[in-house]
Amino acid sequence: MENNKIDRREFLFTGVKGLVIGTLALSSFDIIKLIARNKHEESSSPAKTISISDYPELASVGGYAFISKNVIVIRVSNSKFLAINNICTHKQCSVDFDGSSFECPCHGSTYDKHGKVTNGPATKNLKSYKTTYNADDDTLTINM
Ligand code: FES
């Protein structure tokens, strides 16, 4: 009888131990898969090259144009451009650009033309992308 109690306890303990180890193993596997997927997405994130001539608004300093649904390019000098994602970092509304700053229509956050927060409630800057201008062929590469 006593042996049966011990066997039952051992059985339950072994079962719980197996469940814990199994759960941890599955969690680790999911984390490894998640890390691998993120690395793949980072490395496969494409750079986009545009011809400035396709965007007449970018022909002069101060001009700006959307080059995709949420990415706006702003020409800040003859050879320098900004590429800013216009999704508000507060609750993901699309922010408006007036030529010098961004303003969110949802809760009023504002950002300068570099995407830096100038007024909350947003606390994080807009996402920006590295740009490389090639004067030889008048193209701009945006690392998105
Ligand atoms: S979503 Fe932009 S300020 Fe709230």
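Guide: Threonine 131 has isoleucine 142, in strand 10, as its bridge partner. Strands here are DSSP runs of E of at least two residues, while helices are runs of H or I of at least four, both numbered from the N terminus. The model is a predicted one, in which local features need pLDDT of at least 70 and side-chain atom pairs count only at pLDDT 80 or more, whereas totals for chains, interfaces and linings use all residues. Residues are numbered from 1 along each chain as its sequence is written.

Strand 10 runs antiparallel to strand 9 (residues 128–134), to which 5 bridges join it; two strands count as paired if DSSP finds at least two bridges between them. Four residues, written 4 in the count, separate strand 9 from strand 10 in a hairpin, and aspartate 138 in the turn has a positive phi of about 55°. Strand 1 (residues 47–51) also pairs with strand 10, again in the antiparallel sense and over 5 bridges. There, lysine 48 has isoleucine 142 as its bridge partner.

These pairings belong to an open sheet of 6 strands in the order 1-10-9-4-3-2, with antiparallel pairing. Its edge strands, strand 1 and strand 2 (64–66), each pair on one side only. From one strand to the next the twist averages 25°, with axes fitted as lines to C-alpha atoms and angles taken from 0 to 180 degrees between N-to-C directions. Further along the sheet, strand 4 (residues 81–85) runs antiparallel to strand 9 and is joined to it by 2 bridges; isoleucine 84 stands opposite serine 128 in strand 9.

A residue is buried if 20 or more other C-beta atoms, placed from the backbone, lie within 10 Å of its own, exposed if 12 or fewer, and partly exposed in between.

Leucine 140 is among the residues that touch the most other members of the largest nonpolar core, which has 19 residues. Such a core is a set of buried Ala, Val, Leu, Ile, Met, Phe, Trp, Tyr and Cys residues joined through C-beta atoms within 7 Å. Strand 3 (71–75), strand 4 and strand 10 each give two or more residues to this core. Neighbours within four places in sequence aside, the contacts of leucine 140 include Ile50, Val73, Phe81 and Tyr133, a contact being C-beta atoms within 7 Å.

Conventions. Two residues are in contact if their C-beta atoms, placed from the backbone, lie within 7 Å.
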